[in-house]
Amino acid sequence: MKTQPLIIAGRTFTSRLFTGTGKFSSAALMEEALLASGSELVTVALKRVDVSDTNDDILRHLGHPQFHLLPNTSGVRTAKEAVFAAQLAREALETNWLKLEIHPDPKYLLPDPVETLKAAEELVKLGFVVLPYIHADPVLCKRLEEVGVAAVMPLGSPIGSNKGLLTRDFLEIIIGQSKVPVVVDAGIGAPSHAAAAMEMGADAVLVNTAIAVAGQPVHMAQAFQMAVEAGRMAYEARLAVPVAHAEASSPLTAFLD
Amino acid sequence: MSFRPIFEAHNWDDVKASIYAKTAADVERALAAPRRTLEDFKALISPAAVPYLEQMARLSQQLTRKRFGNTVQLYVPLYLSNECQNICTYCGFSLDNKIRRRTLSSVEILQEAQVLKAWGYEHVLLVTGEANQTVGVDYLEKALHTLRPHFAHLSMEVQPLDEEEYERLIPAGLNTVLVYQETYHQQDYKKHHPKGKKSNFHYRLDTPDRLGRAGIHKMGLGVLFGLEDWRTDSFYTALHLDYLERTYWQTKYSLSFPRLRPAEGLLQPKVEMSDRELVQLICAYRLLNEEVELSISTRETPTFRDNIIRLGITSISAGSKTNPGGYAVAPESLEQFEISDERTPKEIAGMIRRQGYEPVWKDWDTALAPAPI
Ligand code: SF4
């Protein structure tokens, strides 16, 4: 069985595993792991690459036709800075796709919902395909949808924490009511977390730390690829669920007899 | 953006076939699922779900209590006019019926309102036929102004209007609009609505989108059972609701379940929907959607209504008259359809209490709506 492809802003992805490029011990290892992951959307921090250098170490290793680059604005603290960074990224990397990340707090890197909404609105008007990184906040997701983002990327748990889907209840609401794809981002620390997100009906997951800092990043990348596929396949095949037995009392429908 | 492309992507016969093909295993999966999809809903309204009715009813009761507590809201219709330029094969107000037509004046509206106030009502549903000359948007606006100071929540069940017209009526005090598609079967819709503005299927289908864009607080959907296969029609209603909730996410939604009732010059229902089937449908909607309000009118019998409020219903009418002036001005004029439950609002409130629920007369305040102009 082949799982359904994912379409974001008119672009089709066969892999629902999105990856990041930070924290690898070398660019070569990153390249090997990302190739092993089967990922087709790879986020890269504008702050990490030297866009004036065509031979930049990271970018050089991402030059495969299957990789679609998703620059992110990691490091900015306001909407204004984000818009500026986005324009730089668009010019340098020749893509209007953008992972919008605004975290004024340097400790937990938690996204600022107010600035993110403001920036998203502006960037959509400027022609960007905006994928905002946000809290698992269902109302914020609807507000972002209304300003025209291409997908939403709610966090599963604090970024880099590897704690998995601590926001499960809110993710369920977001997935249940979203009109745009939902990509669970941040906190996914194990393939089982990724599979769980996919089983819930998330459209994709974004994984970075868990692959980059694994003992064997290439094997871990493959494990994530399999987990994401398995989770998606399970979702499409429709899971069997535990049966809740309703408590016995006098029948409610006896009046129909 | 509108519901239309989604509607057009679904073929009536295919939808119907897929509902009737559902199996017991599909129903069991739907019952056990933590969140149910539209496919699960199909299983729950399918013939395969009939043996699971008691289980559905228990779940529906639990979910309704979780969201709404032990309360039932009360509302009452206020018929303002029986003039109508349309021919609808099932309605007593249809243009081809030779009945005396009348439209209430502001003074008469207030007379009617006094009776409803005395009964304790705060939620009133204004109803008219479709006669744009006499009961167009100017008349409706005036009626809202007349009633606004006296009631907490005003709903309207009249002809579909343009977006700008809704934008005009909302600040005048309009809180909720009910607009039933009657049937989503496009070809047969024409047969039931041969003449008048209502024969424009698409204008009606697009109405919830116009309401959503205009920013209405609540809207009610539904079909008229008796015209077409109720299962297929109900699936389309669920599909419509799903789209609307995602799109106009700040709006509240309610569903109603009118079954064809005897009326002057009425055709015989093409399909009969039994009590058992209606219970199945109500429970299926609740299992699909924990938040939607489910409403039942006095079209139904006392026994049915007494029992159904424990199964998922959240609002109910009582004491209803379906003729303009029926409460005070002209009690003997011809009604739109016969009602089945003749009990007074007080009796209904007592019945609700005996079932272990609180009758809620007021659940809104004008202070929460856009300021009346
Ligand atoms: S259903 Fe409405 S539009 Fe049709 S005849 Fe009756 S009042 Fe007129």
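Let's start where the chains meet. Nine residue pairs are in polar contact across the interface of chain A and chain B, both residues at pLDDT 80 or more. A polar contact here is a pair of N or O atoms within 3.5 Å; within protein, one must be able to donate a hydrogen and the other to accept it, and residues adjacent in sequence count only if both atoms are side-chain atoms.

Ground rules next. This is a predicted model: local features need pLDDT of at least 70, side-chain atom pairs count only at pLDDT 80 or more, and totals for chains, interfaces and linings use all residues. Residues are numbered from 1 along each chain as its sequence is written, chains are lettered from A and ligands numbered from 1 in the order written, and side-chain values use heavy atoms, without hydrogens and water.

Back to the interface. Chain A brings 28 residues to the contact and chain B brings 27, contact meaning heavy atoms within 4.5 Å. The rule finds two salt bridges across it. A salt bridge puts a side-chain nitrogen of Lys or Arg within 4 Å of a carboxyl oxygen of Asp or Glu. Asp257(A) forms one with Arg276(B), with the closest N and O atoms 2.7 Å apart.

Now the ligand. Which residues surround the ligand? Among them are Cys84(B), Cys88(B), Cys91(B), Tyr90(B), Phe93(B) and Lys198(B). To be near, a residue needs a heavy atom within 4 Å. The shell divides into five nonpolar, four polar and one charged. Ala, Val, Leu, Ile, Met, Phe, Trp, Tyr, Cys and Pro count as nonpolar, Asp, Glu, Lys and Arg as charged, and the others, Gly among them, as polar.
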